[in-house]
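Here is a short briefing on one protein chain. Look over the fold first, then read the notes by topic.

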Amino acid sequence: MELIDTHAHLTFDELVADVDQVLSRSRLVGVRKWITVGTDSEHNRKAVELTRMHEGIFAAVGIHPHHAKDVTSDDMALLRELAQEEKVVAIGETGLDFHYNFSRQDAQRQIFRAQLDMAAEFNLPVVVHCRNAFEETLAILTDFTGKLKGVVFHCYSEGAPQAEALLERGYFLSFTGIVTFNSGNQVREAAAIVPTDRMMIETDCPYISPVPVRNQRPCEPALLIHTAQKIAEIKQIPLDRLALELSNTSKTFFGIS
C-alpha cells in the first residue's frame, strides 16, 4: 500500500530535527512520498533543501497569507528562483485567511494574485489556503480560469455544497484529520461526495493530529493512516483500493512518479 502525504510542514521546528525518524515511522504505515510545503522564504529554502537530501520528498513553495504584509521584492525573487527547482511541484501554500487576518486583506489579495501569476508562468499547480474567505478566493481564481495547471484546496474544512462548487470548476480537494473529529460532520459529508480522482489526503503536520491521538502529540506523516482509514470507511471501499486511487490522483496532479 502506498500513501502520499500531499501537505506536510517537515521544515517546522516540531519535525525537522527528527526528520529521518519522522519519515521512517511514516514508511511503516505505507506513506512513501511527502510534499513539504513552504510558507515564507526561510521555509521555502529549507523545503527545497529537504528535497535534495531525501528520495520521495517533493516541495511546494509559496507565501502563506499570514505573511503577506511582510513580503519584499527579494522574497518574490527567491520564490521565482526556487519555483524552477527540479523537485518543486507546486506553488503554495497561498491564498486568503480572513479568520486570523494576520495580514491586511488587501495585502493577502495582492500576494495571492502574484503567486497565481507565477504558477501560470511556470505551469505549476497551486495549493490554496482558504479560511473564512471562500467566495473571495473563488472570485480571484475566476480571473485565472484556463491559466492554471491545477488547483487544490488544502485542509478542506467546508461542507458538501462548497465541495460541489469546487468540483464544478475542476478543482481538487485535500482532506486532513478533521474528517476524524467529532465536530467534523460537514467535512465528512463533503468527503462522501468527492470522487477519488479529485481527492487527496494530507496531515498538514505538525498540526491537526487526528483521532485517536488528537491533542496528544504533534501531527506527523505516520498519522495519515487514520485519515485514510476514516475516508475508506466513509466511502465504504477497502483501504488498499482507496490508497491506490488517491496516490494516482496525487501523482497526476503534482506530476510525480
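How many bridges join strand β7 to β8, and do they run parallel or antiparallel? The answer is 3 bridges, and the two strands run parallel. This is a predicted model, in which local features need pLDDT of at least 70, side-chain atom pairs count only at pLDDT 80 or more, and totals for chains, interfaces and linings use all residues. Residues are numbered from 1 along each chain as its sequence is written, and side-chain values use heavy atoms, without hydrogens and water.

**Overall**
- The protein chain holds 10 helices and 8 strands; helices (H or I, at least four residues) and strands (E, at least two) are DSSP runs, numbered from the N terminus.
- Its radius of gyration is 17 Å, close to the 18 Å that the globule rule gives for 257 residues, so the chain is as compact as a globular protein of that length. The radius is taken over C-alpha atoms, and the rule is 2.2 Å times the number of residues to the power 0.38.
- Along the principal axes, the C-alpha atoms fill a box of roughly 45 × 40 × 35 Å.

**Sheet**
- An open sheet is formed by 8 strands in the order β1-β2-β3-β4-β5-β6-β7-β8, with parallel pairing; strands pair if DSSP finds at least two bridges between them.
- β1 (3-8) and β8 (199-201) stand at the edges with a single partner strand each, so one side of each lacks a neighbour in the sheet.
- The twist averages 25 degrees from one strand to the next; angles run from 0 to 180 degrees between N-to-C directions, and axes are lines fitted to C-alpha atoms, for helices over the stretch in contact.
- Ser 174 stands opposite Met 200 in β8.

**Helices on the sheet**
- Helix α9 (residues 224-235) packs on the sheet and touches β1, β2, β7 and β8; contact means heavy atoms within 4.5 Å.
- The direction of α9 makes about 145 degrees with that of β8.

**Helix α5 with α6**
- The axes of α5 (residues 105-122) and α6 (residues 134-142) come within 11 Å and cross at roughly 40 degrees.
- That makes α5 oblique to α6; angles under 35 degrees count as roughly parallel, over 145 as roughly antiparallel, 65 to 115 as roughly perpendicular and the rest as oblique.
- Arg 109, Phe 112, Arg 113 and Leu 116 of α5 meet Glu 136, Thr 137, Ile 140 and Leu 141 of α6.

**Helix α4 with α5**
- The axes of α4 (residues 73-82) and α5 come within 11 Å and cross at roughly 25 degrees.
- That makes α4 roughly parallel to α5.
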